[in-house]
Structures are given as C-alpha cells and as structure tokens.
Amino acid sequence: MMNICGWQGKSLAVCLFVLLVSGALILSLFHPRTIATAPQPPFLTDMSGEKIHIQAPAQRVVIYPLMLPAYLAVNNGTAHLLAASKGSLGQMNNNLLGTVFPEAKNTQEITGAYLSPRPADLEELMRLDPDAVFSGWGPGMVDPLKAVGMPGVVAISWGRPADYRRDFAEVCKLIGEVTNRRERVHLLISRYDRERHQVLDRLPANAVASANVVVLDGGRSYQILSGKGFWLNEELQALRVRNKGQELRTNFGGNIEDLLRLDPDVLLLVPEPGEDSSPATFMARKEYQSLHAVKDRRVYTAPMFSLSNLFLEEPLLLDWLAEMFYPDVAPPRLRAMYRQTFLELFQFRLSDDEIDRAIYVRENFQSQGYERFTREALQTQNAGPSKDPVESR
Amino acid sequence: MIIVCLCAGLCGMMILSLRLGRYPVSEGDIVRILFTTPPLHALGRYTNASWVVIEIVRLPRILMVTLCGMGLALAGAAMQGVFRNPLVGPEIAGVSSGAACGAVLAIMLSLSMAWQVGLAFGFGMLALIIAFMLAKLTGRTSMLVLVLSGVIVGTFFGSMVGLMEILADPATKLPSILYQMLGSFAGATYEKLAIVAGTLLMSGTLLLMLRWRINLLSLGEDDAAALGVNIDALRWGIIALVAMIVAAQVSVSGGVGWVGLIIPHLARMLVGPEHGKLLPASAFLGGIYLLAMDDIARSIGHMEIPIGLLTAVMGAPIFAFLFWKTRGKGWIRD
C-alpha cells in the first residue's frame, strides 16, 4: 500500500492519525459520563451541602481526610473501618488513641499521596467495595468518586481555623450518622463543653496571666503559628493569656527577626512528628539566646496532638495552659484529668509512662516549673492532707 | 511501513493497557464491555463495577494519555525542525509555564476543575502571545530571538508559580499545586479527553499537512526563502499550533516533560530526518511511550507515581543514550 504512490502512501499516516484522534473525540463527546443508579432517599447532608444516602450503620468505611482519631473516638474503636489514607494513619503515631486502639495502626492503607488532592487509585477503592467513603472536598476530590458510582461519599471540608470547632463538631456528627453513634457524639460534645467550662471556672474571675506567649512550629523552621487566624486564639483569650503572635500581620510565618521583635515571655513549641521539638534544642541555638523566654527557660513542648480529636484533647490542653500560666491558682490536676478522660470515654487506664509521653515530661524537664506535672509531684501532693478534687469525685 | 507498524503497535499498546489495573477484569469481560452496549443497570455476564472500571476509569485515561503523547511528540518534532536544533522541545515558547501558571492560579482561587482547565489553556496561549510580542518588539525574527523570548516568558510564568507556592496555604492548597506541577493522568474524564482530542485533531492535522514546509525550513532560512516560503509566518504558525497542543495537554494533566524532546530523536533513528515520515512516526511513537510510562506509573508500586516525575527520570538517561549513540554524526542523517 505504501508503494501505490509516494504521496498516497505518506498520506496514509495522516489518515491513521486523523482516524485515531477523531475516534477519541467522538467517543468523548457521546460516551455516558457516569453510570445510572436508582434514586434513593437522602439520608444525611454532608459538609458540601450534598444529600447522601447511606445504609447506617455503614459496614465498610474508608477514610481519606485527616480525621481517623475523630472516627476512633466516636466509634469507640476500629469496627467497620476498612481502610484509611496514609496521612490519616500517620496521625496515630503521636496520639494516645494509638495506644488505646493499637489495632488502628494495622488498618489497610488506601493508596494515595499524603495530601493528594484526589484519590490516587479509583480501582483499588472499587475493589475494596466500601459503603461509606469520607472524602476531602474540592475540585477533583468528590467528582471522580461519584463518577464511578461510589456509594456513600461524605465530603469533609475544613474552613478557616477560627471555624475549626464548628467544623469539627460537624465532622463528628457526620461520623455519628454514618456509624449510628449519635448518642456518643452528643456525649463527646457535652463532655467537651463541661470539661472546658470546669477549667475556665476554676480560675479567679479577675485573673489575668502575667506572661504573654507565642506558639511556634516545633520542627526545623520554628515558624510562628499563633498569628491572627490561629485556631487556639479563642481559648487563649478565654484564659486571658496574651498571644503576642497576633501582632504579626499574617496568620503564620514571620522570620527570626519577627520573633526577636515580639520577644514573648513564654514560647510553646508544637511537636512535629519525626523532628526534635524539645525546648533544649531550641534554647541551645545562639540566635535565640536574647529572648526572655530562653533566658527564663520558659520554653515548652505543648501537648498538642493531631487536632482531629479536638473534643478529647482540647480540654486537656486547656488545663495544661491554665496550670502553665496560673501556677499559683490553678490546681494541679492534669494527670488525673488525663486518666479520668480515657477511663470515662474508652474504659482505658493510662499508665504513668503514657501520661509522661503525652505531656512531654522528658522533653520539658529543663524548662522552668515543669516538675509540677511529674508523677513525683503528684505523689508528693497526694501524700498531703487534701486530695485532688478530680480524683476524689 | 514502519509508520503503519508504529500505529499498529500503538493500538496494541492501548489494548494491553486496558488490561492493567488493580481491579480484576478478565479479557473476555473487556471485549464484551467494549463491543456491547447493555443497559447500564444490568449485570449481564460482568459486574457493573467492571463496566465502570473499563468505560469510566481506564478508557478515557488510556485515550487521553495516548493523545497527549502523540501531541507532545508531534509538537517536539515540529519545533526541532523549525528551530533546526535537537535540544528544542515544545516547551520552548514558554507555553508550558504559562499553562501551569493558569492552573495554579485556579487552585489558589479554589475554582472548579472546568475553570482550572480553561485558565491553564488561556494562560498558555497568553504566554505565546507575550512571546510573540516580545519578539516583535526587537524588530528581529531570528531563531535566537524566538528562543530568548520563549525563555523570558517561561521564566516569568515559572516565577509566578513559585510565588504562588510560597503564598499558598501549606495544608490545603500547596499539595494540590505540587501535584499539578508533577503531572498526572489520574483525573482523566471524557470532558478532558474532548479538549485534548479536539485540539489535537485541529492542530495536529495542520502540523502534519505542513510537514513538507518544515522540510524546507530545515534547509536553512536563505534556501527556504529562495523556494518561496514565508519564513516568519510559517514559523509563527507552527509555534502557535504547537502552543495549542501543549496548552491543552498541560491543562488536563499538568506538566509532563521530556516526551517532546526525546521521542523525535528516537523516531529519527527509525525513519530518518525527512519530516514527511518523521512527524507521523514521532506522533505514534510518542503515544506508545507515554502510554508505557503511564502504565508503569499506575502499576509499579503501592502508590501511583506522578507521570511527570517518571518521564523525567526515564527521559534523562534515554537522552544520554541517544547523545552517545549519535556521537560524531550530527543529528541530521546524510
């Protein structure tokens, strides 16, 4: 055929090209985009406003967003959890819930990059055949799942840091709807409110913290996190602790000169998994020697975990902050509060070592005043005439 | 004959690619799914999920990868002919960077996927227009001026992307931006396929029809002008067609490099430098290559590898091999 005529033979290549591309174009224009499914009554509304049908309780749940600790807390275990993303599973590494539910670390990992903007492999997801999928929300996240007819796709959307508590409550409610654990969600939320108020009510009404604070990323960059939109600003305000990081013009960032300019009394380091977030390392750096917080050894690694278990962890963090900034008026009850929380919610008795790890006793041992959180201090206190009001409850 | 074999090889590769994937679908089911049209809710002799996997997940992706590979290789061969330079790729006009900037801007503004594709395409064409105007400003139209204006435009849009990466929220936007820059066909849909197919049908066909004139350009400016070729118009026309192909590709899949650079060299080793055969051979070979890369990317590991990364990792040693293979011979066969 190539020898029929020189130019005709060479036009064959063009014809083949046009044929192939035209075929693809025609197929793309006329092919059905999605499969037809029978309409079903809506069951719940997800965070994108979509009405979703799920046969609750879901029996095979897949989780993509960073919310595995929240799921474990609401579900009180790993029941019906089929798979989770790598990022979600990674949250169990530095989380007490990983101790309570060690089987969570063996959950099957669903393939996808850590914070991939879309599920990496739809076929693998289809092979798992889940009946509920918690997905991130945004272009390219939910649409591919719906295009393949994936049932029960619940979109999760995190808004501004200032809206974190509202969004987290919504996430917990959705988990409760999917797993038929509405009462437990109500328990978690009401307990959170109660514990939070207890911490705040124990402080004298006119108490104002004498020290101000800046919160830093405890990784290599030591970026200022506690800017204007910092998620903890509301609680710091409730504790009447002045956050100097809000003087930054941005939500986070700043450089070393900003930190030297702010020069807070107290520095809190948010622990970064895999990084050395200890105050000793920070205080050893020459460029930070002039800071008041370093001179007074008031640099601490804060017990801030994944933030995806807010209702469990925030009252504990709040009490920690209250005891840090009001050591003379706030009663020492943190260790007891940890024990009581996990006993009440998960029927799990935390050991002294586990609490030590959770509140970074070893990392903070060089920092001023941290001995009050050690088990020895608690033993000394309990040996006295009055017992801790929490444990005597 | 070689070109027909390449076309047949491409079709075979496409059929083979349909078989690959994590969801098990038998060959018999694939044939039945492709060549029958059962009611969508019917189970038939294959499960509904099998139909979805083949028709909704794999088929649009395989077709899109094929067309993008064909387009990039075709564009690369055309550009190497126009510039008479073996180191030129379709990205030389700065269109890739422009398209990437448009896509990243859409991510920053939290726009829908349709807007992302549209902005990527628009910014790609904008990059070309700016490069054209820069070249016009100098009053000269030599190849060096064209290359320099493309470099300027590409650098500018590249720096804009870098700026947006710095400003992006590291928790929500930055991963999407990085994913876009690495390139992936995981989000293939029939809508995106239509964009690529429509653009390639128009631009690719025109490029193939102009392949004889590219032969004349490769003789040198003086000889081509003497033979009646309007060099400036032809050059800019080809660059515009290439830009459309590249913009469409980047808009649907992000940055995928090295294809347009190395495939023309491989094709030249097979069919020679004459553009009448080189362009179609490059197109089919580019489809085969990118399809193979995508099959590896989605099959080789636990996690899908971004294809832009894979083509770069594979492309550099292949280019080094070609460099060694053609040592002392020049890149145009006598």
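This short talk concerns aromatic ring pairs and one surface patch in the structure above.

The model is predicted, so local features need pLDDT of at least 70 and side-chain atom pairs count only at pLDDT 80 or more, while totals for chains, interfaces and linings use all residues. Residues are numbered from 1 along each chain as its sequence is written, chains are lettered from A and ligands numbered from 1 in the order in which they are written, and side-chain values use heavy atoms, without hydrogens and water.

I begin with the rings. Over all chains, the search finds 17 aromatic pairs, meaning Phe, Tyr or Trp rings (for Trp, the six-membered ring) with centres within 6.5 Å; planes under 30 degrees apart are stacked, over 60 edge-to-face, and the rest tilted. Phe168(A) and Phe311(A) have ring centres 4.9 Å apart and planes at 85°, so they are edge-to-face. Phe168(A) belongs to helix H7 (residues 164–179) of chain A and Phe311(A) to helix H13 (residues 310–325) of chain A, so the pair ties together parts 143 residues apart in sequence. Helices here are DSSP runs of H or I with at least four residues, numbered from the N terminus.

Phe168(A), at 1% relative accessibility, counts as buried, and Phe311(A), at 7%, counts as buried too. Buried means under 20% relative accessible area, exposed over 50%, and partly exposed in between, with a 1.4 Å probe and protein chains only. Ring pairs also link Tyr164(A), Phe168(A), Tyr192(A) and Phe311(A) into a cluster.

Finally, I turn to chain B. Ile300(B) is in the loop between helix H13 (275–299) and helix H14 (307–325), and its 59% relative accessibility makes it exposed.

Methods:
Helix = DSSP H or I, 4+ residues; strand = E, 2+ residues; numbered from the N terminus.
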